[in-house]
Amino acid sequence: MRQYLLFFITLVVLMLPILAQSQNVNPATVDVTSLSETQIARLITEMQRRGMSEEQAIALARSRGVSETQILQLRQRIQASQSGVGGSMQGGSDVGFSVDQELFGKDNAFYSEKSFFVATREEERLFGYHLFNSDNLTFQPGVNYPVTGSYVVGPGDEFIIDVYGASQQSYVQSVDKNGRVNIPNVGPIMVGGFSLKEAERRIFDKLAVIYRDMVAATPRTFVSIQISAIKPITVNVVGEVFAPGTYTLPGTATAFNALYLSGGPNIRGSFREIRVIRNGEVVRTLDVYDYLINGNSAVNISLNDGDVILVPTFRNRVRVGGSFIRTGIFEAAHNETIGKLIEYAGGFNEKAYRQRIELHRNTGRESEVRDVFSAMFDDFIIQNGDSLYAGEILSRFTNRVVLEGGVFRPGTYELTDGLTLNELLTRADGVREDAFLERGMIFRLNDDLTPSNISFNVSDVVSGRKEIFLKREDVVTISLISDMREDRTVSVDGEVQRPGIFYFRDEMTLGDMVALAGGLKESASESYVEVTRRLSYDEAAKSGEKTGHLFQFTVPRSLTLGSKDAAFKLEPYDQIFVRKAPGYVETSKVKIGGEVNYAGQYALVGRNERLSDIIKRAGGLTTEAYAQGAMLTRVVKQDAKTLRLRASLEKSEDGVTFSDMDFEVVGVDLSRAITRPGSRDDIFLQDGDELIVPRRLQTVKIEGEVLNPLSMPYIEGRGLRFYIDQSGGFGVRAKRRKAYVVYPNGTAAATRSYFLFTSYPQVTPGSQIVVPQKPERTPLPATAWIGISSGLSTIALTIVTIINNL
């Protein structure tokens with residue numbers, strides 16, 4: 001029950017003063033039963049946050065005139081709430097304040113929030129705008145700020161006074177409208193208008209009259225004096241701000257707090273002469289620039305209740321652009337100079353031309369341009385409407401030379417007085433060993449900036465036999481020997497492990513090159529290696545039929561150094577060809593499947609192995625084999641040219657396409673090949689061939705332009721027309737004379753027409769009858785028929801005319 005009492009006292013202490021302040025309600029007359037459950041929950045949160053002791057809460061409740069009846073009513077409310085019976089209290093009145101404000105969840109719920117407004121791009125360029133409108137820098141006022149000893153006490157402030165030690169007593173007292181706190185048994189004490197430090201001293205002196213132990217030589221009674229609640233103050237922000245109005249702030253608030261809530265000066269407002277008016281007098285003029293530039297926090301000033309902050313219009317406004325650290329719209333005070341404005345802009349940036357500023361000024365009738373040189377910065381007075389622009393330095397060097405190419409340290413160097421090319425090469429640690437010494441070049445700009453070229457012998461410059469003085473922006477280039485000639489290479493093709501093009505090296509031999517190419521393959525011929533060589537310079541200078549030299553060598557597989565041919569010295573651009581041994585043949589395999597006794601893969605051991613030979617090696621055909629339907633497929637080998645053509649056609653948009661099949665069907669008659677070995681049908685086999693011998697087939701398939709495409713059993717002696725009739729006959733668009741038969745071995749036979757007679761191909765088991773379709777014809781339009789009839793009429797008329805004349 002004790003905790004309920006503490007809760008109630010805290011509730012009354014925290015809530016009833018708020019109600020009394022907002023609606024002039026006497027805490028002793030507040031109906032506790034009218035409080036809503038939401039208010040009770042929020043008051044519990046506030047009680048826990050403040051952490052007041054029981055003694056402090058009791059003293060505070062008594063000082064506010066809380067009756068025992070109210071304590072009893074609240075106790076009943078709490079018991080009902082704990083048991084889950086809210087009754088009509090759930091819908092109780094909020095007693096004049098909004099629950100939506102979350103009064104007890106926020107410290108500054110009773111104070112004004114920052115005003116909402118939308119600034120223009122021009123206003124955002126104001127120097128100082130972001131001080132009062134930044135997401136990271138905020139002057140939002142708060143009640144939890146520490147109260148310093150200089151804080152001026154006034155009506156509404158609340159003190160907690162704890163006497164402890166030999167005597168114990170607690171007081172919670174508010175400063176009344178007359179500026180006094182009334183402590184029981186002590187009397188009224190005037191604290192209003194005094195600093196917090198002085199007010200504490202006054203309270204201590206009064207308490208010491210009653211508690212003499214506090215000022216004894218050895219004190220046994222002590223006192224703690226604190227401010228528990230800060231009075232709210234109301235200030236008016238007027239003038240040229242984004243959101244002028246009346247704002248409620250904590251008693252510790254400053255002028256910057258109020259300016260933050262109002263958004264600060266707008267496009268017409270001054271940052272340099274903001275006035276704080278108290279009791280009709282200007283107590284301080286604020287220069288925000290002093291805070292922004294110098295960080296002088298003394299610019300800010302604490303506010304009192306009823307203060308007025310006036311933001312007048314600006315006096316001198318200047319636009320700053322170009323090569324300054326800060327650009328935007330700045331405000332100049334009376335008689336301030338360009339030098340001061342440069343300080344506000346943060347000075348020049350690293351690329352600024354500092355000797356002159358371009359100033360545009362309004363004369364009242366028109367605009368004019370002024371040249372302000374560096375010597376005038378501290379004397380030239382700024383006027384309202386001026387625009388300043390700082391240009392950039394020239395993108396050029398006054399003392400630069402560039403060294404490129406065959407030196408150890410190429411780069412950019414300083415041009416000193418009388419610098420020679422020899423001295424520049426010495427600074428670069430000299431020329432490289434592979435530098436081309438016969439000719440170097442200097443790219444130079446003439447006085448009129450037209451380009452010119454100066455050639456020199458590098459050896460003469462390095463030895464000192466020739467001296468060249470350098471000028472600004474000279475670019476010296478010394479080439480490398482490798483830059484002055486073609487890439488020297490040697491190519492190797494044929495039967496080596498890694499054929500290709502290799503860089504030539506001096507003293508390289510034929511054996512060395514074969515070794516670099518990975519050595520000879522097993523298929524290589526040692527006795528037939530060719531080397532072709534270009535004609536020499538002298539030989540190429542004369543016209544003739546000979547275009548090169550040919551050498552033939554025998555290179556052993558061991559590549560021993562003692563071989564005379566392998567020791568043949570190569571020259572740049574030689575081409576080496578290693579031929580394949582005449583008798584070397586890659587191992588070839590064929591595959592046979594289907595109705596043979598031993599299906600599988602077989603190696604071709606001779607160049608002239610035929611179909612009949614492989615059938616014998618496979619143990620012959622089974623009794624179920626259908627030799628007439630055997631099919632032979634062969635791998636299609638495409639050369640590089642064909643592959644490139646295929647790739648280009650597949651990428652084109654002309655509709656040409658290729659089949660993805662990498663094999664072709666070879667039509668053979670296996671039965672003839674077996675019965676007549678060596679005949680036309682007994683063909684030679686190749687690597688990758690695959691022979692499939694099917695079982696005896698019993699059906700015939702009919703497809704294409706027939707009424708009912710189907711497959712049906714084979715009937716001995718029946719021809720093509722019989723099977724077509726069984727499928728319903730020819731379709732409307734059938735090309736009857738073009739029907740053909742595809743046999744199981746991949747061959748085909750077409751229908752032949754002889755005047756009035758038609759000869760259809762023979763049908764065998766497993767055959768496929770195909771009836772092609774006539775192309776769809778577009779009917780002639782009416783205009784075409786009219787043209788044809790007109791032409792026929794003309795011809796007929798002409799014929800009649802001729803007959804009549806005859």
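**Close-ups of a predicted model**

**View 1. Asparagine 133 and its partners.** The side chain of asparagine 133 gets to within polar-contact range of a backbone atom, with the oxygen of glycine 263 at 2.9 Å. A second polar contact, at 3.3 Å, pairs this side chain with that of lysine 114. (A polar contact here is a pair of N or O atoms within 3.5 Å; within protein, one must be able to donate a hydrogen and the other to accept it, and residues adjacent in sequence count only if both atoms are side-chain atoms.) Skipping neighbours within four places in sequence, asparagine 133 is in contact (heavy atoms within 4.5 Å) with Lys114, Phe117 and Gly263. Asparagine 133 sits in the loop between α5 (121–124) and β1 (158–165); helices (H or I, at least four residues) and strands (E, at least two) are DSSP runs, numbered from the N terminus. Its relative accessible area is 16%, so it is buried; buried means under 20%, exposed over 50% and partly exposed in between, with a 1.4 Å probe and protein chains only.

A note on the model: it is predicted, so local features need pLDDT of at least 70 and side-chain atom pairs count only at pLDDT 80 or more, while totals for chains, interfaces and linings use all residues. Residues are numbered from 1 along each chain as its sequence is written, and side-chain values use heavy atoms, with hydrogens and water left out.

**View 2. Helix α7, under cover.** In α7 (residues 255–262), 8 of its 8 residues are buried, including Phe256, Leu259 and Tyr260. The buried residues pack against β6 (232–239), β7 (245–250), β8 (274–278), β9 (281–286), α8 (288–294) and β10 (308–311). Just after the helix comes glycine 263, with a positive phi of about 90°.

**View 3. The nonpolar cores.** A nonpolar core is a set of buried Ala, Val, Leu, Ile, Met, Phe, Trp, Tyr and Cys residues joined through side-chain atoms within 4.5 Å. The largest one has 54 residues, and Ile338 and Ile357 touch the most other members. Helix α7 gives the most to this core, 6 residues. Another core, of 22 residues, lies apart from it; Phe159, Ile189, Ala199 and Met214 are among its members.

View 4. Mean pLDDT (the predictor's confidence in each residue, from 0 to 100) is 81 for the chain, with 82% of residues at 70 or more. Over residues 16–25 pLDDT stays under 50, and the model has 18 contacts beyond four places in sequence for them. Residues 85–109 also stay under 50, with 51 such contacts.
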